[in-house]
Amino acid sequence: LKLSFVSNAKNWLDLSMSDPQVKIAEGADKISPYSIAVSVTGKYGHVIFIENITRDAKGAPEYIYFTESNADGSGNGMYDSGRDAILKKLPFSEFVETRTPVGYITANFQQTA
């Protein structure tokens with residue numbers, strides 16, 4: 001999947017709405033593996049790649065496995081070894097509280113050629 005724009009992370013959901021290559025799921029609870037979580041907080045927003053999700057017996061998200069960069073609060077805009085692009089794990093409730101996703105971008109495997 002290659003997104004067809006360059007913009008601040010906080011604009012990614014809106015800019016993806018008309019792209020037939022992707023599906024948009026709005027709401028923190030719409031999380032799915034292999035998606036891009038979008039947060040609109042802060043000046044630029046933030047995006048996070050969702051690697052995997054474990055679910056409880058009722059199917060609710062339990063733990064989120066994800067990778068991200070530039071989330072250490074330093075604001076240096078540089079790659080920070082040991083903090084960026086490493087697999088992280090949080091309980092779903094903590095992920096939502098600390099990462100504030102408003103929606104997710106996933107590849108549209110249903111698109112027709």
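Colleague: Which exposed residues are carried by the face of helix 2 turned away from its buried side?

Modeller: Exposed denotes over 50% relative accessible area and buried under 20%, with partly exposed in between (1.4 Å probe, protein chains only). Helices (H or I, at least four residues) and strands (E, at least two) are DSSP runs, numbered from the N terminus. On the face of helix 2 turned away from its buried side, the exposed residues are Ser93 and Glu97.

Colleague: What pLDDT do local features need?

Modeller: Residues are numbered from 1 along each chain as its sequence is written, and side-chain values use heavy atoms, with hydrogens and water left out. This is a predicted model, in which totals for chains, interfaces and linings use all residues, side-chain atom pairs count only at pLDDT 80 or more, and local features need a pLDDT of at least 70.

Colleague: Against which strands do the buried residues of helix 2 pack?

Modeller: Phe92, Phe95 and Arg99 are the buried residues in helix 2. Seen down the helix axis, they fall within an arc of 60°, so they line one face of the helix; the arc is that of the directions from the axis to the C-beta atoms. Contact means heavy atoms within 4.5 Å. The buried residues of helix 2 pack against strand 2 (35-39), strand 3, strand 4, strand 5 (88-91) and strand 6 (103-107).

Colleague: Which residues form the largest nonpolar core?

Modeller: A nonpolar core is a set of buried Ala, Val, Leu, Ile, Met, Phe, Trp, Tyr and Cys residues joined through side-chain atoms within 4.5 Å. The largest one has 12 residues, namely Ala28, Ile31, Ala37, Ile48, Ile50, Ile53, Ile64, Phe66, Leu90, Phe92, Phe95 and Tyr104.

Colleague: Which element gives the largest share of this core?

Modeller: Two or more residues come from each of strand 3 (46-55), strand 4 (61-67) and helix 2 (92-99). The largest share, 3 residues, is given by strand 3.

Colleague: How many residues of strand 6 are buried?

Modeller: Both faces of this strand are covered, with Gly103, Ile105 and Ala107 buried on one side and Tyr104 and Thr106 on the other. Strand 6 is largely enclosed by the rest of the structure, because its buried residues number 5 of the 5.

Colleague: How many bridges join strand 1 to strand 6?

Modeller: Two strands pair if DSSP finds at least two bridges between them. Strand 2 and strand 6 run antiparallel and are joined by 3 bridges, with Gly103 as the partner of Val38. In strand 6, Thr106 stands opposite Lys23. Strand 1 (residues 22-26) also runs antiparallel to strand 6, and the number of bridges joining them is 5.

Colleague: How far does the backbone oxygen of Arg99 lie from a polar atom of the side chain of Ser39?

Modeller: Ser39 is found in strand 2 and is buried, with a relative accessible area of 2%. Among the residues it touches are Lys10, His46 and Arg99. From the backbone oxygen of Arg99 to a polar atom of the Ser39 side chain, the distance is 3.4 Å.

Colleague: What is the relative accessible area of Gln110?

Modeller: Gln110 is placed in the segment after strand 6. Gln110 is exposed, with a relative accessible area of 64%.

How values were computed. Polar contact = N/O pair within 3.5 Å; in protein donor to acceptor, adjacent residues only side chain to side chain. Lists of a residue's contacts leave out its neighbours within four places in sequence.
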